[in-house]
Amino acid sequence: MIARPSSSVTARVGILGGGQLGMMLAGSLYKLGADVALYDPDPHAPARRRYAHVTTAAWTDRAALARFFSEVDVVTYEFENVDATVITELAGSIPFRPGLSVLTTTQDRLAEKRLCRAHGLPHARFEAASCADELREVGRAFGLPFIVKTARGGYDGKGQARVVDEASLDRAAAQLFADGAARRSLILEEIVPFTMEASCIVARDAAGRAEVFPVFENHHERHVLDWTLVPARLPPAVADAAREIALDAARAMDVVGLLTTELFVAQAGAGGRTVGEHAIFVNEFAPRPHNSGHVTRTATTLSQFDALARILCELPLSSPRLLNDGAFVMGNLLGDLWLERGAPHLAFEEWARHPEVLDVVLYGKHEARPGRKMGHFVAHAPDPSQAIDAVAAFRRALGQAHPAG
Ligand code: AMP
């Protein structure tokens, strides 16, 4: 670790994870003059291409993690599946943001839902099971249909199954224990007939002062985020209620950093918190910058990364307001686009024909794989439907194969 420059605002910040979220957070920290150290087992982690101070070691490497913690003033993480056992030993020595219990709660879907229940945050009915036989027994009593998820470790729809009848119950039991494990913590959830998925980011500092971002509308394809629209197409009272729920969740967990609350919005009558004709449910939490929050780098006066950087450097927050009327949209660029085009590069020269696209970010990942997040772009349009159309149009243009010359 280099010596701290005298002009630095404060901290040497350690980030566990050198993926695109860590890479962009590091950028915001450098802007403030902070020193940044990154830790990632992957020698090709995107942040490595841009930043020098990267420790390459396993998440379970106690000695490497202890050294990492000893060289910085504050540690945060860019994804919540870091091993909490080792971190628990080290997190007492320096501030660990957004908090150790935030990490352990958000690593476990059952703990998340129990927290919701304890704090009056709206959620789908749920039940726990821990082996294949219990899944069948609890599932029948719970009532079909339902979604069963592994309580720990799953993301982007991995480790979950939809159970609609006895045959799919058997399939789910086989699939979730296919690795031979006898026991595994599972959560069964009622299927929420949502009309929209949304997310809301809260930034909260050590004194408990919080700023809440506008609500984002999220669209997934095959369980992976496809686009994020801001502002979400919701009546103001529903958006306000969603922001209130997100703020209550951040307070309940005493978050010092960022908390993203992923929400379902359904029609009233389906349970959840009713606001007019709508009902809101918490789906899950992410205690870190969020994929949907990429839109804030271009759409709001404060980005999610700048907000977290300020909290880590103990600088005041400001209110994240939309920079313009109309609609902003973030479209993910997945590896599929590269694979379909069959070329190492997309047709970025087409950007010239798409002035509505304000920003393109590429993570510098070595290999395109189906569903892998390779980059994203943000576009602005006068209204939401034009913004959503802009996503498909720009992706089509990037994938277009042009004859050489
Ligand atoms: P998750 O990994 O929990 O975010 O789930 C991935 C996706 O599965 C969500 O974005 C939803 O589209 C869907 N999903 C998860 N839980 C439920 C639920 N209880 N009801 C309806 N859809 C769900």
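1. Start with the largest nonpolar core: of its 51 residues, Leu16, Phe96 and Phe285 touch the most other members. By nonpolar core I mean a set of buried Ala, Val, Leu, Ile, Met, Phe, Trp, Tyr and Cys residues joined through side-chain atoms within 4.5 Å; buried is under 20% relative accessible area, exposed is over 50%, and partly exposed is in between (1.4 Å probe, protein chains only). Helix α9 (residues 236-252) gives the most to this core, with nine residues. The core lies between domain 1 (12-96) and domain 3 (194-398), because both give residues to it. Those domain bounds come from an automatic or database domain assignment, while helices (H or I, at least four residues) and strands (E, at least two) are DSSP runs, numbered from the N terminus.

2. Before you go further, keep in mind that this is a predicted model: local features need pLDDT of at least 70 and side-chain atom pairs count only at pLDDT 80 or more, whereas totals for chains, interfaces and linings use all residues. Residues are numbered from 1 along each chain as its sequence is written, and side-chain values use heavy atoms, with hydrogens and water left out.

3. Have a look at Phe96 itself. Leaving aside neighbours within four places in sequence, Phe96 is in contact (heavy atoms within 4.5 Å) with Leu16, Phe69, Val75, Tyr77, Ile87, Ala91 and Leu103. There is also a second, separate core of 40 residues, with Ala26, Leu38, Phe213 and Cys313 among them.

4. Helix α8 (residues 166-176) has a buried set made up of Ser168, Leu169, Ala172, Ala173 and Leu176. These residues sit on the same side of α8 because they cover an arc of only 145 degrees around the axis, the arc being that of the directions from the helix axis to the C-beta atoms. The cover over them includes α7 (132-142), β6 (146-150), β7 (160-163) and β8 (186-190).

5. Strand β8 brings us to Ile187, which is buried at a relative accessible area of 0%. Not counting residues up to four places away in sequence, Ile187 touches Arg109, Leu110, Lys113, Phe126, Glu127, Ile147, Val148 and Lys149. Leu110 is 77 residues away along the chain, yet the two C-alpha atoms are separated by 6.2 Å.

6. On to charges: the structure holds 21 salt bridges, counted when a side-chain nitrogen of Lys or Arg is within 4 Å of a carboxyl oxygen of Asp or Glu. One of them joins the side chains of Arg12 and Asp73 (3.0 Å, N to O). Arg12 lies in strand β1 (residues 12-16) and Asp73 in the loop between α3 (62-70) and β4 (74-77), so this pair ties together parts that are 61 residues apart in sequence. Arg12 counts as partly exposed at 23% relative accessibility, and Asp73 counts as partly exposed at 24%.

7. Arg109 forms a salt bridge with Glu284, with the closest N and O atoms 3.0 Å apart. Arg109 counts as buried, at 8% relative accessibility.

8. The Asp226 and Arg395 salt bridge has its closest N and O atoms 3.1 Å apart. Here strand β12 (residues 224-230) holds Asp226 and helix α13 (residues 384-399) holds Arg395, 169 residues apart. Both Asp226 and Arg395 are buried. Elsewhere, salt bridges that share partners join Lys113, Lys149 and Glu189 into one network.
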